[in-house]
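User: Could you walk me through reading a few local features in a model like this one? I'd like the general idea, then the actual case.

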Amino acid sequence: MSSSSVGEQLRKARESRRLTLSQVADATKIKSDHISALEEGDFHPFSAPVYIRGHVKSLARHYKLDVPAVLADLDAELARTEEFAEPPRLTTSWCTPSSA
């Protein structure tokens, strides 16, 4: 586990390659405001952890980082958040037979 946050790891990787947010957004097809939010450790623009994990995985691959290590760090960070600590509950009310 890295001593840097996932956002710091991503930002440092981008900056060390002298890439702009726009360049990374064009190459990865991830919105630049989402990349910026991830670099700042702000997960609120995302509706579910699956989107956060997918974007972080894509960015880590793009930067040629150790993807499993970055995702392990991300899992640890998400576990410390109230919103994303647990997977969303699945509801089955839509598949309940009607009473008619």
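Analyst: Lys29 is exposed, with a relative accessible area of 72% (exposed means over 50%, buried under 20%, partly exposed in between, with a 1.4 Å probe and protein chains only). Before going on: this is a predicted model, where local features need pLDDT of at least 70, side-chain atom pairs count only at pLDDT 80 or more, and totals for chains, interfaces and linings use all residues. Residues are numbered from 1 along each chain as its sequence is written, and side-chain values use heavy atoms, with hydrogens and water left out.

User: What is the phi of Lys29, and where is the residue found?

Analyst: Most residues other than glycine have a negative phi. Lys29, though not a glycine, has a positive phi of about 65°. Its place is the loop between H2 and helix H3 (32-39), just after H2. Helices here are DSSP runs (H or I, at least four residues), numbered from the N terminus. Arg18 is another non-glycine with a positive phi, about 55°; it lies in the loop between helix H1 (6-16) and helix H2 (21-28) and is exposed at 76% relative accessibility.

User: Which residues of H2 are buried?

Analyst: Val24, Ala25 and Thr28. Looking down the axis of H2, these buried residues fall within an arc of 100°, so they line one face of the helix (the arc is taken from the directions from the helix axis to the C-beta atoms). They pack against H1, H3 and helix H4 (49-62).

User: How do I describe the way H3 and H4 cross?

Analyst: Two packed helices are described by the angle between their axes and the distance between the axes. The axes of H3 and H4 come within 11 Å and cross at roughly 90°. That makes H3 roughly perpendicular to H4 (the class runs from 65 to 115 degrees). In this pairing His34, Ile35 and Leu38 of H3 meet Ile52, His55, Val56 and Leu59 of H4, where contact means heavy atoms within 4.5 Å. By class, that contact has 5 nonpolar, 2 polar and no charged residues.

Conventions
Helices (H or I, at least four residues) and strands (E, at least two) are DSSP runs, numbered from the N terminus. Axes are lines fitted to C-alpha atoms, for helices over the stretch in contact, and angles run from 0 to 180 degrees between N-to-C directions. Angles under 35 degrees count as roughly parallel, over 145 as roughly antiparallel, 65 to 115 as roughly perpendicular and the rest as oblique. Ala, Val, Leu, Ile, Met, Phe, Trp, Tyr, Cys and Pro count as nonpolar, Asp, Glu, Lys and Arg as charged, and the others, Gly among them, as polar.
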